[in-house]
Amino acid sequence: MSARPNPAKSPSPAKGSSVLRRLRIVAAFASILIALAAFIDFRDLVPNHLKHVYTSIQFVPSALTFATAFHATALACLLILALTFAFGRVYCSVICPLGILQDVISRISAKIRRKPPYKLPAKKAHNTLRHAILAATLLAIVAGWGGVALAWLDPYSHFGRFASTLFRPLAVVANNIAATVANALGHPAAIPQANVSFAAAGALLPPLLIFIAVAIMAAKRGRLWCNTVCPVGTLLGLVSRRALWRVSIDKTACVKCGDCLRACKAQCIDLRAAEIDFSRCVACYDCISVCDEGGVKYRWHGVSARRESRGISNLKSQIPNSIARPPSRANRRAFISTAMAGTLATVGATALLASRGIAQNGGRQGKGPKGLGQHGQGHGRGRDFSKLDNPEVVAPPGAQSVARILSQCTACQLCVSACPSHVLEPAFLEYGNLAGLMKPRLNFDKSFCNFDCTVCSDVCPDGTILHLARDAKHTTRIGLAHTAHPRCIIVKDGTACGACAEHCPTGALQMKKPPGHADAVPVVDPRYCIGCGACQYACPVTPKAIVISGIAKHETAEKLVQEQVAPTTTDDFAF
């Protein structure tokens, strides 16, 4: 390699490069703080609309919203594509929380090892693998399995599960330790205790294993996950190959010292050929800031293309025709890459349209029959014990159907983190297949769905849980209550109770004396039941004498106008 020139004679790097890098770092730091606050906010200090706005401008949620339930935030995906075409993959370095998390892990790893994180030479791109993953993802969306593919590959959803399932419980534990210390020091009100809740082992294991894989790859190879596994990174990489402003190497100034290689987190610099694979470059500007000779520059690609074109033309005029390299090879590569980008873009557009059709055809909210229907149980006379022992899973209100959760939800778990009653939790196999893994479901043994609460529909970023007005929430049926009187302590032990009927907000469950019974027992009128789970949560016996079983498509219940059955406003829930 060439020796370094005298620093006094070396051209100073452009001042704008360090400014760009500082701006990128500040913006990325703010972005990941907002993301962490949205998911770890166990005191509900962050307004729900702010959580929704930040998460809905992520690429995959905004693209899904654009395809299924268009509104203003859906334009974010188009804006990200435009920014990528103009400036490169700034989304990956500034907005994507998983990308920023990888940078943090990589920096910590470098500090621990006390040496630069990246080694010479730079690694080659795994283009076959990354393009195959992108194509498979798009085909899965077309086939109606987009929710499954994106749940395992969407970078934002990965970060959401890391924050909700792994980071949030640790933050609550740290808070409670601090609260214990404050209490011991005589300040019991300084830091309130908070309830800590860990996901079940089956729902905890996938995000834990993926986090370990991402952390190892980031510590060893920087943005390897982004440039090998992540379909969003691959798609944006296809666009950034033709970005208007690009990082490039000035061959006249470069001394091949290797500083840019050691700083490149994407390992996309080929120093021998003095080229940068801009499909992998994440526009972090680290390489520019470490180049003392000004050999790495961020410039308008038209200028660089014309200069290179003039340089190549002058060089060819000096080389004999017998040893000149055929120009068709570069043209073939350009044609193949352009054709591949066009094909994937076409498949992507088809996928979005197909996903829109799937969501609309399979996710419409139906108005069931005003009465028993296939899930009812009559007025307490026909007890369906199978519904109590093996209840169907209950999907969140606003999801409209179980099919919509399975086909569209990317399992980011923002609704799980934001749920004020903590009735939402990530599913394991409760939905009956792997498509429901890590998707939200209601656990009424743990809590109940507040009658007036619409938080999950307010924060959902990808349009899976549609917004519900409070009045609509009051009549949205997500399940039906089923009773087993032999389990009830009124029948079994002769103990007065009625907690389930007391806390039913719709009046669907009332205490009545059936023929031949001396005491009143809970009886469900399915016309008014919405499946909120207040009765199941209030039931004091185990196993429960009343259980909510979900329904495949959400329905609209009748509204019972009766003042004495209005929902209780007391903070002291039964038992």
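Valine 173 is partly exposed, with a relative accessible area of 31%, where partly exposed denotes the range between buried (under 20% relative accessible area) and exposed (over 50%), computed with a 1.4 Å probe and protein chains only. The model is predicted, so local features were required to have pLDDT of at least 70 and side-chain atom pairs pLDDT 80 or more, whereas totals for chains, interfaces and linings use all residues. Residues are numbered from 1 along each chain as its sequence is written, and side-chain values use heavy atoms, with hydrogens and water left out.

Helix H9 (residues 155–184) contains valine 173; helices (H or I, at least four residues) and strands (E, at least two) are DSSP runs numbered from the N terminus. Together with Ile177, Val181, Leu185, Val196 and Phe198, Val173 makes a nonpolar surface patch of about 550 Å². Patches consist of residues with over 30% relative accessible area and no salt bridge; like charges are joined within 9 Å, and nonpolar side chains (Val, Leu, Ile, Met, Phe, Trp, Tyr) within 5 Å. In an α-helix there are 3.6 residues a turn, so residues three or four places apart point the same way.

The secondary structure of the protein comprises 23 helices and 10 strands. Of the 575 residues, 51% are buried. The protein exposes about 27,400 Å², of which carbon and sulfur atoms supply 62%; accessible areas follow the Shrake-Rupley method with a 1.4 Å probe, and for residues only the protein chains shown count as cover. Among contacts (heavy atoms within 4.5 Å) between residues at least 6 apart in sequence, 77% join residues at least 24 apart.

Helix H3 (residues 59–68) is mostly covered, 9 of its 10 residues being buried. The buried residues of H3 are Phe59, Val60, Pro61, Ser62, Ala63, Leu64, Thr65, Ala67 and Thr68. In helix H2 (residues 48–56) lies histidine 52, which is buried at a relative accessible area of 17%. Apart from neighbours within four places in sequence, histidine 52 is in contact with His71, Asp458, Val459, Cys460 and Pro461.

The structure holds 14 salt bridges, each defined by a side-chain nitrogen of Lys or Arg within 4 Å of a carboxyl oxygen of Asp or Glu. One of them joins arginine 21 to aspartate 286, with the closest N and O atoms 2.7 Å apart. Arginine 21 belongs to helix H1 (residues 15–40) and aspartate 286 to helix H13 (residues 286–290), so the pair ties together parts that are 265 residues apart in sequence. Arginine 21 is partly exposed at 22% relative accessibility, whereas aspartate 286 is buried at 7%.

Aspartate 286 also forms a salt bridge with lysine 265, the closest N and O atoms being 3.8 Å apart. Lysine 265 is located in the loop between helix H12 (259–263) and strand E2 (269–270), and aspartate 286 in helix H13, so this pair ties together parts that are 21 residues apart in sequence. Both lysine 265 and aspartate 286 are buried. A network of salt bridges links Arg21, Arg24, Asp103, Arg223, Lys265 and Asp286.

A further salt bridge is formed by arginine 527 and aspartate 525, with 2.6 Å between the closest N and O atoms. Arginine 527 is partly exposed at 30% relative accessibility, and aspartate 525 is buried, with a relative accessible area of 11%.
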